[in-house]
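Hi,

Here is the structure I promised to pass on.

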Amino acid sequence: MTIEIRSAPHIKAPRSVPTIMRHVVWSLVPVCAFFVYQYGLSALASLLVVTASCLATERLFVRTGTQAGDIGDFSAVITGLLLALSLPPAFPLWMGAVAGFVAIALGKALTGGIGFNVFNPALVGRAFAQAAFPQAIATYSPSFLPGRFTEFVPSSLAWPLMQPADLMPWLKERQLDALAAATPLAKWKFEGVLAGAEELLTSLSGHMAVGPSPLLILLCGSYLAFRRFLDWRIPAAILGSAGLTAWLLFALSPERFPNPFFMLFSGGLILGAVYMATDMATSPVTPKGMWLYGALIGLLTVIIRYYSGLPEGVMYAILLANAATPLIEKVTQPTPFGKSALARLGQAKRGASYPLHPGYISREEAHAVTPKKRFLRNKPKPEERRKPEKSS
Amino acid sequence: MSQAATTTWEEFMEGVWRQNPVFVMVLGLCPTLAVTVSAVNALSMGLATTFVLTCSCLLVSLLRKLIPKEVRIATYIVIIATFVTVVDYLIQAISLALYDALGAFIQLIVVNCIILGRAEAHASKHPPLTAVVNALGMGVGFSIGLFALGSVREILGAGKLFGFSLFGEHFQPWVVMVLPPGGFFVLGLWLLLFAAWGRWRQRRQGAAKGVTQHA
Amino acid sequence: MNHATQTLPEMTPPAAMIRTLGLIAAICGTIIVAAYQGTYRAVQENKRIALERAVFKVVPGAQAIAEYWALPNGEIAKVGAGETAPADAIKFYAGYDTAGRLAGIAAEGAAKGYADTVRILFAWDPATRKIAGFSVVAARETPGIGDKVTKDRDFLANFPLEAEPAADGRALAHEIRTVKHGSKAHAWEIDAIAGATITSRAVGRAINDTAQKLLPRIAMHLDTLKEKP
């Protein structure tokens, strides 16, 4: 028997980055499987191509040494799967590959790899796709079409750099009207058609153009939350604040705004709340900060959906909240033990309520440098920068 | 080749390559990002800036002994503004469509820091010939930089180069490339490319030096 | 004063500074005036061609144009060279065909679109009392979505669009409105493009805002406008 002598902490958790990521991937498998069941071959191809593109990009940047991390840590798989789930199922495959490349290159490799990213990589990829191909990303295809497992939706198989085929004649051939290719949110925004609750929840009825099933995502998310792979506070805060804002507006003028239930279960809100906003590197670590962060996302989502020209706002809401994360963390630092919570409010009574060695209480008071997120690698320290540059 | 000819050539190449305003000095980014939506716009903007740069540097260099140093910045700005006004009229006379496409950025050449920088740092200290050659080099370098951005953005954003369709009518335009973020993306890519190339060349030179030392 | 000049020995005397600056200003002034004189005719010619081309594009069959002001008191006046706009006047262009007869009226309209103000030039046909068509003067709408208004066949099928001035001569008989895609019920409604509703609405509002004020004024003076001046 060996006796190891070491200092605290003595609790050892066999939980590494790859373990967490693997669990997230496993929990995504049922969501993806149902997505494929809904949309067939096109969705499967989209999932595979986008994930492969993310993995290839990850490998390229890890190899060339510009990005930290390991190709085997499954984080790129998550990025790829989430990106594909957030894109329309019949999104042209070459555009999906471009989005996957941008997601990893711009969202992750640029800031130094896993753990250093400022924005959620999957959403960076999606934002690029939205800005570059606004038309393709607004074209959804209906679910549960007959023959979806044997043939592709024509738009999937567009040649690289070429426009996808127009879906309208293809839909007419199947006796579906043009509205079948619009998401419930777009239908509400542009046509004033409100989808019923049961359609949104199960996404089983008719040929609705809804995304991945919200119920299944909630189920898989609760498994992750139960196993503590994600913090339940963030999804709870997002859904709570979005629901509350939507309910308030609905109560004010029911004829202008849809009911809060429609708000919560349409579009990508559930997927974003459970899987995207909870990304560990881009969300706050303080419990209070998580509530604030979630509330911000929920509020922004409702505002963008109701008052802007875009039908969907989850992506921009999460990206904006990602950008606010360092600030949120700074203002929600927990009060150290032995320090009055009231003392933080007034400038006059700053410091401990009874004398203790300051360094013992908090790293703030000892003027210790809090570890910051690294935006740039090999950034020169301030004192180094002040030195005159040596001429070569 | 005589001594004078080589210095002139080096003077010219300084702006084109070693001190390229866009890729090395990263100066004058306002027009660089804003008007490089197409190759034609980028080239015209580059030429307009080159014209202003060369003319102002010539005039500044001719008057350099006369300009009191207390009011030199005011003088340079007056001279630069004069030639910007001239270019403004010229472009209107040549093509109104081009004038509309470049918009306010023609007038904004006056605040382009490359021009004031060249007038202050070079033209005010050198004889007219050297100043003009240097300014021409800078202008050509700036035009090359704008063209590099404009061509990539036009190819991806419209599938065309100089208005000629490259991929046929079914090309899917990357809308983002025509929008302002596209300018940042493409500039970033070019800078990345040049940085990577520079590092590779340095490493190769280092390796070559190591070999000679061993031998 | 004297003391100060001694401590700053390199100061240029004010007279020299003024002399130099004056000289430079004179040189620059000469250059600018020369450039202005040299390019004036070409610039004016370019502007005229651009305006004519824009009007000819929307007014079918037009070969020549005349510029007018529609004044708020209901009168119209011909635009003189270099004249500034009278208060509340709306500028419009009368297009004439080869025989010198009035082919159509063109006017500019503007409304807030998705990204920025959408400025359009639309043409009104006095014979049929309909809006014959429009073209975009300036817009920053999203390429591929908002700019469909000039290409989308279903949208262009909205024109000619009814624009009958009301009997009292103050407004249009029916407000020109953009309605949701597929719900056009009247000849004066514009069927929006699905997916580009905001830009479609901007076009409708731009036409309506100008037409409401302008067309009743013009309708009273069609006799004056009928022949090429």
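**A helix in chain A**

In H15(A), the buried residues are A:Val314, A:Met315, A:Ala317, A:Ile318, A:Leu319, A:Ala321, A:Asn322, A:Thr325, A:Ile328 and A:Glu329. Please keep in mind that this is a predicted model. The cover over those buried residues includes helices H5 (121–132), H13 (269–276) and H14 (287–307) of chain A. Helix H15 itself runs over residues 314–331 of chain A, 18 residues in total. From first C-alpha to last it reaches 24 Å, close to the 26 Å expected at 1.5 Å a residue. There is also a kink of about 50 degrees at A:Ala324, shortly before the proline A:Pro326.

**A helix pair in chain B**

Next, helices H3 (residues 39–62) and H4 (residues 72–94) of chain B pack at an angle of about 140 degrees, their axes 9 Å apart. The crossing of H3(B) past H4(B) is right-handed. On the H3(B) side, the residues in contact include B:Phe51, B:Val52 and B:Leu59, and on the H4(B) side they include B:Tyr76, B:Phe83 and B:Ile91. This contact is made up of 15 nonpolar residues and 1 polar one, with no charged residues.

**An arginine in chain C**

Finally, take a look at C:Arg177, which sits in strand E8 (residues 177–179) of chain C. Its relative accessible area is 42%, so C:Arg177 is partly exposed. Leaving aside residues up to four places away in sequence, C:Arg177 touches C:Trp188, C:Glu189 and C:Ile190.

Best wishes

Terms used: Residues are numbered from 1 along each chain as its sequence is written. Chains are lettered from A and ligands numbered from 1 in the order in which they are written. This is a predicted model: local features need pLDDT of at least 70, side-chain atom pairs count only at pLDDT 80 or more; totals for chains, interfaces and linings use all residues. Side-chain values use heavy atoms; hydrogens and water are left out. Axes are lines fitted to C-alpha atoms, for helices over the stretch in contact, and angles run from 0 to 180 degrees between N-to-C directions. Helices (H or I, at least four residues) and strands (E, at least two) are DSSP runs, numbered from the N terminus. A crossing is left-handed if the near helix is turned anticlockwise from the far one by less than a right angle, and right-handed if clockwise. Contact means heavy atoms within 4.5 Å. Ala, Val, Leu, Ile, Met, Phe, Trp, Tyr, Cys and Pro count as nonpolar, Asp, Glu, Lys and Arg as charged, and the others, Gly among them, as polar. The expected span of a helix is 1.5 Å times one less than its number of residues. The bend at a residue is the angle between axes fitted to the seven residues ending there and the seven starting there. Buried means under 20% relative accessible area, exposed over 50%, partly exposed in between (1.4 Å probe, protein chains only).
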